[in-house]
Amino acid sequence: MDKIIAIQEKSMTKELERELKKLYCQIYGEEKAEQLLKAVMEMIKNNQQENTGRWLTQRDVVLITYGDSITDGETPALKVLNDFLKKYVADAISAVHILPMFPYTSDDGFSVIDYRKINSTLGDWDDVNRLGESYDLMFDAVINHCSKSNVWFQKCLKGEKPYKDFFIEADPEADYSKVTRPRALPLLTEFDTAEGKKHYWTTFSSDQIDLNYKSIDLYKEILSILLYYTQNGARMIRLDAIGFLWKQIGTTCMHLPQTHKVIQSFRKILDEAASGTLIITETNVPHKENISYFGEGKKEAHMVYQFSLPPLVMFSILTGNSEKLTEWAENLSEPPAGCTYFNFLSSHDGIGVRPLEGILTKDEIQLMVDATLRNGGEVSYKDNGDGTRSPYELNINYQDALASPEDSDEIRIKRFIAAETILLSMQGLPAIYIHSLLGSRNDYYDKAVSGIYRKINREQLDITWLEGQLTKETNRKKIFQELVRRINIRKKHPAFAPEAKQEVIQTSSKIFHIRRFTEEERLTIYINISEEVWQSGENEVSGKNLLTGKEIKGALELSGYEAAWILENNPYHKVKGEGI
């Protein structure tokens, strides 16, 4: 038996070698491919880990948070976070996405100085591992760029090998007009080097120097970091800004074939060395481009961010009309087997506008821009490369995005809970930002002091004050308790599992109406996204509303922004496209 297993393992290793060599030849050419393959196979051999997990179920919900979103000013912030979650959230969530937790110089962690160290204010790797005892962990792999203070770049400036090739020297006179620009900032930055002044590629800021994946030494270094993360508890790895990875003048430098092949190689290696690790690609782009990162079959990401969802839900609730959201959801492609959507509404960043391209008109996007400014937020713009600029991101707390200052607390909270219920209902893995879970509002102070628009939704909360807010009758407590309650209801029903089917139903412009189902269970979901009362047909509903505990038979009536999760009494009736 041992001999048979050994033969099978050797066969699998040979197959992996063949697949990696093919990818490396396509990326680097045959000579470099041979050199890289030998080093990578040795890395895989030396980094074999046990299977790190299972596929996802309805019990999985991710919390997105900075390591220091909750602090006491003295204790390592990751310990404070861990203690808070175990006391107040318990197992309502299954995983924690810790936003960049490494030493950094700017962009709240996305300018990494050292990929293998934990920011001392957050704690150390022991604190990370303790959090991982209670929750699955998602780490950020900020591997499109690093801080200009990173030792790699400092050695590059001195002309040291191999670091000199880790970054992209650029000719400032070349034509960069086709390059996709996410921000209205210079693409190139000049630095003094041992060989004189040179320009380097800096997609996001002058402090974030793009990495050069044409260097196989850089590739090996990044791969060793990914393996290091899996060894230290990463169940999921988020590839930040990954669409920008490969640069080629004369192209958009977005989603290039080499980028996809690099991700495919990472997937194959992690599947072998750290089986069970899930890859999530972060690409804030139109939907068709975004889902290209699923690849064909199981080649690339296990999950892609559902970037169209946050702005579409915002638009629907602002207008009280679900038609655009319904049409978009109806046309969503079924994720490949073993893959799903990473659904979210709010995050550390703003609400992306580019994912609305081809879905909303310019006038409809302008309606959202106007609402953002009216409701206390800001708008970030991107450079179009022709002297014009377009809205790129709406910087506002999601709760404030849905209601004007004149609206009552009651209306704003109802709208917000309705939005989060859409998130919890959709096919995919739901991820809730900590400031949504905790009912936060616009943080005007930090935005004003820093001058950074995104700070409006990155508040740091004192633990003693927060606990007081959650024990008194406050808006925070209302939101927190209701979201946790709905998450806990969701966890009990397999029709909410990522692989459960989804049918979108056109009912009324006031209602977002879908059905989630497996062979055993069917849930019909109604969410009123308007302030008007809505009533179904006389004989439409038969089942239990999980959100109220009431049995419904006949007509269903929903008040403004009310939702119903109906567990159907007869789960085996025909669904569109089904022959049950």
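Me: How do the residues lining the largest pocket divide into nonpolar, polar and charged?

Reply: The lining has nine nonpolar, three polar and seven charged residues. Here Ala, Val, Leu, Ile, Met, Phe, Trp, Tyr, Cys and Pro count as nonpolar, Asp, Glu, Lys and Arg as charged, and the others, Gly among them, as polar. The model is predicted; local features need pLDDT of at least 70 and side-chain atom pairs pLDDT 80 or more, while totals for chains, interfaces and linings use all residues. Residues are numbered from 1 along each chain as its sequence is written, and side-chain values use heavy atoms, without hydrogens and water.

Me: Why is Thr203 called buried?

Reply: Its relative accessible area is 2%, and buried means under 20% (exposed is over 50%, partly exposed in between; 1.4 Å probe, protein chains only). Therefore Thr203 counts as buried.

Me: What makes the pair Thr203 and Trp201 a polar contact?

Reply: Their side chains meet at 3.3 Å. A polar contact is a pair of N or O atoms within 3.5 Å; within protein, one must be able to donate a hydrogen and the other to accept it, and residues adjacent in sequence count only if both atoms are side-chain atoms. The 3.3 Å pair is therefore inside the cut-off.

Me: Which residues does Thr203 contact, leaving aside neighbours within four places in sequence?

Reply: Contact means heavy atoms within 4.5 Å. The residues in contact with Thr203 are Arg181, Pro182, Leu187, Gln208, Asp210, Phe244 and Lys247.
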